[in-house]
Amino acid sequence: MDNLYIVCVLYNSSISEIASLETFLHFVGKYEFVRLMVLDNSSEQYASANTAEWEKKYRDRIIYVSNGGNVGLSKAYNRALDTIEDENYYVMYSDDDTTFSEEYIENVIKAIKSGRADIIGGVIYAGDIIISPVEKLKIRPHYSPDQYINKAGVYKDIFCINTGLTVKSSVYDVVGRYDERLFLDAVDLLFADKLILHGINKVEIVDGEIKQNFSTQTNDLSARRKRVKIYTRDWLTWWRISRKHTPVIFVLIFLAHGSVAKRTIMNWLGIKK
């Protein structure tokens, strides 16, 4: 069986604080074809401490790569792909604050063995709501779980976020690597666009709990402004590259800025809610 590389991007926290570290290491120990790779986007202070921690505790179980600072997601993903020396393999992507159930990873492995699809994903939750995957990108006035795919099965031409997405190496031979003009956002959405363009967007969604923690959900106004700035830049870049999804992209950018403006006014009025 081809090796499965779990690629976790770490940012300004320690290796031991990776939310699913014990789950990942469990599978590294259980299956000899599973590898854990940590791509460290941390600042020099954190990266130095992580290098020492890796040398002392994890050297025999983790492939550790320091990126020399926050190079963003697309460059980190490409760095991971460049580091892998196997000719054929699978990559599963994770953030450092995402929690995966053992059931999900076991089902990913089963799906790889079955060969039904070269791309595998799961149903992603943020808190109690589903946030991925979707069959179409649309603007909807109200949230409804029905707008998201929530059952296991094989789907075509869908959009999945990076979290838990597992990709066979041969897919990159067709669509290329991740576009490094995108820093953080829309990396996964542009990837889905490219898969659709090449007629290979066939994804097997498997069961198992995945919980995503998004930094956009912070109440810190300064952090929210900074996050929306990155979001805006990346989504506009995505639009310039793809020239697709125009209403969705511009309405969501408008709503993101509106949220910041609303919080600014509330802070000015002394409203804490």
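Colleague: Which residues of helix α3 are buried?

Modeller: This is a predicted model, and helix α3 covers residues 73-83. The cover over its buried residues includes the strands β1, β2 and β4 and the helices α5 and α6. The buried residues of α3 are Leu73, Ser74, Ala76, Tyr77, Asn78, Ala80 and Leu81.

Colleague: Is Asn107 buried or exposed, and what does Asn107 contact beyond its neighbours within four places in sequence?

Modeller: Asn107 lies in helix α4. Its relative accessibility is 17%, and buried means under 20%, so Asn107 counts as buried. Leaving out neighbours within four places in sequence, its contacts are Val206, Asp207 and Gly208.

Colleague: In what sense do β6 and β10 run, and how many bridges join them?

Modeller: Strand β6 spans residues 119-126, and β10 spans residues 202-211. One of the facing pairs is Gly121 opposite Ile205 of β10. The two strands run parallel, and the number of bridges joining them is six.

Colleague: Which residue of β10 is the bridge partner of Val154?

Modeller: Strand β8, residues 153-156, is joined to β10 by four bridges, and the two run antiparallel. Within β10, the bridge partner of Val154 is Glu204.

Colleague: And which residue of β10 is the bridge partner of Phe100?

Modeller: Strand β5, residues 99-100, pairs with β10 in the antiparallel sense over two bridges. The β10 residue that bridges to Phe100 is Ile210.

Colleague: How do the axes of α1 and α4 cross, and which residues of α4 make the contact?

Modeller: The axes of α1, residues 21-30, and α4, residues 102-114, come within 10 Å and cross at roughly 40 degrees. That angle makes α1 oblique to α4, and the crossing is right-handed. On the α1 side the contact is made by Thr23, Phe24, His26, Phe27 and Lys30. On the α4 side the residues are Glu102, Ile105, Glu106 and Ile109.

Colleague: How many residues of each class are in the contact of α7 with α8?

Modeller: Helix α7 (residues 221-242) and helix α8 (residues 246-268) have axes that come within 10 Å and cross at roughly 165 degrees. Angles over 145 degrees count as roughly antiparallel, so α7 is roughly antiparallel to α8. The crossing is left-handed. By class, this contact has 14 nonpolar, six polar and three charged residues.

Colleague: What is the separation between the C-alpha atoms of Pro247 and Lys138?

Modeller: Pro247 is in helix α8. Its relative accessibility of 58% makes Pro247 count as exposed. Pro247 and Lys138 are 109 residues apart along the chain, and their C-alpha atoms are separated by 8.4 Å.

Colleague: Which residues are joined by a cis peptide bond?

Modeller: Most peptide bonds are trans. Here there is a cis bond with omega of about 0 degrees. One of its two residues is in the loop between β7 and β8. The cis bond joins Ser132 and Pro133.

Colleague: What is the phi of Asp157, and what is the phi of Ala186?

Modeller: Most residues other than glycine have a negative phi. Asp157 is in the loop between β8 and β9 and, at 35% relative accessibility, counts as partly exposed. Ala186 is in the loop between α5 and α6 and is buried, with a relative accessible area of 5%. Phi is positive in both residues, about 55 degrees for Asp157 and near 70 degrees for Ala186.

Notes. Residues are numbered from 1 along each chain as its sequence is written. This is a predicted model: local features need pLDDT of at least 70, side-chain atom pairs count only at pLDDT 80 or more; totals for chains, interfaces and linings use all residues. Side-chain values use heavy atoms; hydrogens and water are left out. Two strands pair if DSSP finds at least two bridges between them. Axes are lines fitted to C-alpha atoms, for helices over the stretch in contact, and angles run from 0 to 180 degrees between N-to-C directions. Angles under 35 degrees count as roughly parallel, over 145 as roughly antiparallel, 65 to 115 as roughly perpendicular and the rest as oblique. A crossing is left-handed if the near helix is turned anticlockwise from the far one by less than a right angle, and right-handed if clockwise. Contact means heavy atoms within 4.5 Å. Ala, Val, Leu, Ile, Met, Phe, Trp, Tyr, Cys and Pro count as nonpolar, Asp, Glu, Lys and Arg as charged, and the others, Gly among them, as polar. Buried means under 20% relative accessible area, exposed over 50%, partly exposed in between (1.4 Å probe, protein chains only).
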